[in-house]
Amino acid sequence: MDHSKTILITGATSGFGLACAEKFAGNNYQLIITGRRKDRLDHVAADLKNRFGVEVLSLCFDVRDRAAVIDAIEKLPDEFRNIDVLVNNAGLAAGKDNFDEASLDDWDTMVDTNIKGFAYIAQSVAKLMIQNKKAISLIWVLLLPNRFMLRVICIVPPNTPWAH
Ligand SMILES: NC(=O)c1ccc[n+]([C@@H]2O[C@H](COP(=O)([O-])OP(=O)(O)OC[C@H]3O[C@@H](n4cnc5c(N)ncnc54)[C@H](OP(=O)(O)O)[C@@H]3O)[C@@H](O)[C@H]2O)c1
């Protein structure tokens, strides 16, 4: 089987990230999937391998942990370093209270995860893509707190399953 393309999907243990993983596995992509729940991550990896016959590498880390993110991406095995597409999806919506009543702890969690965590992943993967002379193909899924802003930023090359 020709695993000609590699995709890294953060937050692939549930929801949107898991749906992306299934979609790209079904299109014969080799997958790197991440999340914090190791048992769930291992289950998803085994299921995708079994159903789609693709290679899957699971990486368990918290995107808020800058050192862990950098370490995980720097230590990718050779066969997974040539990343074509990043779905920068890991995140959450903490605190849906009105602006004036919102918990500042919730805001901190969201900024640390949805902004800083995103940036750590994006830079680490972009460095690899540039080293590998890839056209940058990044998909961002971003939610900021308390209706400040809602953005879904997709930069999708025309030959990804996304476009079908
Ligand atoms: N659902 C919506 O209506 C909606 C709307 C706009 C934007 N979004 C954004 O879309 C993304 C996915 O949403 P979803 O509804 O699919 O959510 P979900 O089902 O809760 O999935 C979130 C994923 O992110 C991972 N994750 C969360 N915090 C993490 C952290 N600190 N470090 C590493 N992984 C982390 C979770 O994995 P673990 O729990 O295993 O760590 C999980 O795989 C999120 O960024 C969300 O903000 C969602």
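**Entry 1: starting with a helix**

What do the buried residues of α2 pack against? That was my first question for this model, which is a predicted one. I looked it up: they pack against α1 (15-26), β2 (30-35) and β3 (56-60).

Next I wanted to know which residues those are. The buried residues of α2 are V44, A45 and L48. They cover an arc of only 100° around the axis, so they sit on the same side of α2. Then I checked the other side of α2, and there D39, A46 and N50 are exposed.

I also checked the length of this helix. Helix α2 runs over residues 38-52, which makes 15 residues. From first C-alpha to last it reaches 21 Å, close to the 21 Å expected at 1.5 Å a residue.

**Entry 2: stepping back to the whole chain**

The chain has four helices and six strands. Along the sequence I read the pattern β-α-β-α-β-α-β-α-β-β.

How much of the chain is buried? Buried residues come to 30% of the 164 residues. I also looked at contacts between residues at least 6 apart in sequence, and 63% of these join residues at least 24 apart.

Most residues other than glycine have a negative phi. With that in mind I stopped at N28, where phi is near 70°, a positive value in a residue other than glycine. N28 is in the loop between α1 and β2.

Is N28 buried, exposed or partly exposed? I looked at its neighbours: N28 has 15 C-beta neighbours inside 10 Å, so it counts as partly exposed.

**Entry 3: the core**

The largest nonpolar core has 30 residues. I looked for the members that touch the most other members, and they are I7, I9, A21, L31 and I33. Then I listed the elements that give two or more residues to this core: β1 (6-9), α1, β2, α2, β3, α3 (66-74), β4 (85-88) and α4 (104-131). The largest share comes from α1, with five residues.

Which residues does I7 touch, not counting residues up to four places away in sequence? My list for I7 reads F24, Y29, L31, D84, V85 and V87.

**Entry 4: L128**

L128 is in helix α4.

Leaving aside neighbours within four places in sequence, L128 is in contact with I73, R81 and I83. I followed up on I83: L128 and I83 are 45 residues apart in sequence, and 7.4 Å apart in space from C-alpha to C-alpha.

**Entry 5: around the ligand**

Last stop, the ligand. I found 25 residues around it, and G11, G15, G35, R36 and G91 come nearest. Which elements each supply at least two residues of this shell? They are α1, α4 and β5 (138-143).

Definitions and conventions
Residues numbered from 1 in each chain as written. Predicted model: local features only at pLDDT ≥ 70, side-chain atom pairs only at ≥ 80, totals over all residues. Buried ≥ 20, exposed ≤ 12 C-beta atoms within 10 Å, placed from the backbone. Contact = placed C-beta atoms within 7 Å. Expected span 1.5 Å × (residues − 1). Arc of directions from axis to C-beta. Core = buried A, V, L, I, M, F, W, Y, C linked by C-beta atoms within 7 Å. Near = placed C-beta within 6 Å.
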